[in-house]
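Reader: I am new to this structure and would like to know what its descriptions rest on. Please show it to me before I ask.

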Amino acid sequence: MARIALTARFQQVITPNALRSYLAEFISTFFFVFAVIGSLMSSRKLMPDAASDPASLVLVAMTNAFALASAVYISASTSGGHVNPAVTFAMAVGGHISVPIALIYWICQMVAAVMACLLLRVTVVGQHVPTYAITEEMTGFGASVLEGVLTFALVYTVYAAGDPRHGALRAMGPLAIGLMAGANVLATGPFSGGSMNPACAFGSAVITGTFKNQAVYWVGPLIGAAVAGLLYDNVVYPVQDSLTRNNADGIAV
């Protein structure tokens with residue numbers, strides 16, 4: 001009986017639709033990370049003192065907003081447009097996708113982030129790939145809380161944007177998600193970097209070999225994302241009809 005259940009679960013994760021969703025997550029995450037990390041490198045190239053230049057913060061925030069909105073839009077109908085391990089974690093905790101598919105999403109997202117940073121490292125000669133770091137005024141705990149709050153806001157927006165009870169949002173849903181990400185970067189970029197995306201922080205850390213405070217960009221976002229999803233589904237907008245829930249295999253959210 002256990003073998004039959006295991007076989008059925010394995011077959012679920014290798015269906016044509018599932019395989020397309022993995023590819024969609026890889027592509028959308030790759031271009032998102034490429035744009036965000038590339039914007040950090042561009043700002044440092046154009047503005048040597050980018051860390052203290054407000055224009056650099058605005059540039060990175062706009063890139064986050066545009067890139068995330070576009071990445072979500074191009075993959076939403078295929079994979080749900082997660083583009084973020086924290087979003088995938090929240091969906092798994094809330095029962096919107098199965099754990100095996102969530103794990104494969106994670107692998108696709110992290111490999112895509114590493115590949116995007118590697119491409120930047122290889123093609124942009126003479127400039128290092130920047131990593132997310134917390135400012136001296138903050139502790140690791142404080143930065144984790146901050147990243148958790150930011151990710152809570154982002155994932156709550158993801159849930160609201162994909163809720164069919166709000167009407168056909170179409171392109172407005174991804175745009176709202178992107179705008180929330182951009183606003184969060186503007187608010188906290190100088191303090192924790194405003195990552196909100198463990199894959200983005202992980203990809204740059206792998207390429208540079210610098211994993212200092214890496215836990216900040218995993219613990220906070222994962223907890224914040226899970227709380228946002230559970231709060232939205234069970235308290236603020238409880239699902240009255242099971243048909244309004246997303247497909248259990250996580251495809252076409």
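Reader: What is the accessible surface of the protein chain, and what percentage of it belongs to carbon and sulfur atoms?

Author: This is a predicted model. The accessible surface of its protein chain is about 12,100 Å², and carbon and sulfur atoms hold 70% of that area.

Reader: How many helices and strands are there in the protein chain?

Author: The protein chain has 9 helices and 0 strands. Its pattern along the sequence is α-α-α-α-α-α-α-α-α. Of its 253 residues, 48% are buried.

Reader: What makes the aromatic pair of phenylalanine 26 and phenylalanine 30 stacked?

Author: The whole structure contains 12 aromatic pairs. In the pair of phenylalanine 26 and phenylalanine 30, the ring centres are 6.3 Å apart and the planes stand at 20°. Rings pair if their centres lie within 6.5 Å, and planes under 30 degrees apart count as stacked.

Reader: Where do phenylalanine 26 and phenylalanine 30 sit relative to each other in helix H2?

Author: About one helical turn separates them, because they are 4 residues apart in helix H2, which covers residues 16-46.

Reader: Why is the pair of phenylalanine 30 and phenylalanine 31 called edge-to-face?

Author: The planes of phenylalanine 30 and phenylalanine 31 are at 90°, with the centres 5.4 Å apart. Planes over 60 degrees apart count as edge-to-face, so this pair is given that name.

Reader: Is phenylalanine 30 buried or exposed, and what is phenylalanine 26 called?

Author: Phenylalanine 30 has 16% relative accessibility. Buried means under 20%, so phenylalanine 30 is buried. Phenylalanine 26 has 27%, which lies between the limits of 20% and 50%, so phenylalanine 26 is partly exposed.

Reader: Which residues form the nonpolar patch on the surface?

Author: Leu23, Ile27, Phe31, Tyr73 and Ile74 form the patch, and together they have about 530 Å² of accessible area. H2 and helix H3 (54-79) each supply at least two of its residues. H2 gives the most, with 3 residues.

Reader: How do you know that tyrosine 73 is exposed?

Author: Tyrosine 73 lies in helix H3. The relative accessible area of tyrosine 73 is 53%. Exposed means over 50%, so tyrosine 73 is exposed.

Reader: Which residues form one aromatic cluster?

Author: That cluster is made of Phe152, Tyr156, Tyr159, Tyr232 and Tyr237.

Notes: Residues are numbered from 1 along each chain as its sequence is written. This is a predicted model: local features need pLDDT of at least 70, side-chain atom pairs count only at pLDDT 80 or more; totals for chains, interfaces and linings use all residues. Side-chain values use heavy atoms; hydrogens and water are left out. Buried means under 20% relative accessible area, exposed over 50%, partly exposed in between (1.4 Å probe, protein chains only). Accessible areas come from the Shrake-Rupley method with a 1.4 Å probe; for residues, only the protein chains shown count as cover. Rings of Phe, Tyr and Trp (its six-membered ring) pair if their centres lie within 6.5 Å; planes under 30 degrees apart count as stacked, over 60 as edge-to-face and the rest as tilted. Patches are made of residues with over 30% relative accessible area and no salt bridge: like charges are joined within 9 Å, nonpolar side chains (Val, Leu, Ile, Met, Phe, Trp, Tyr) within 5 Å. A salt bridge is a side-chain nitrogen of Lys or Arg within 4 Å of a carboxyl oxygen of Asp or Glu.
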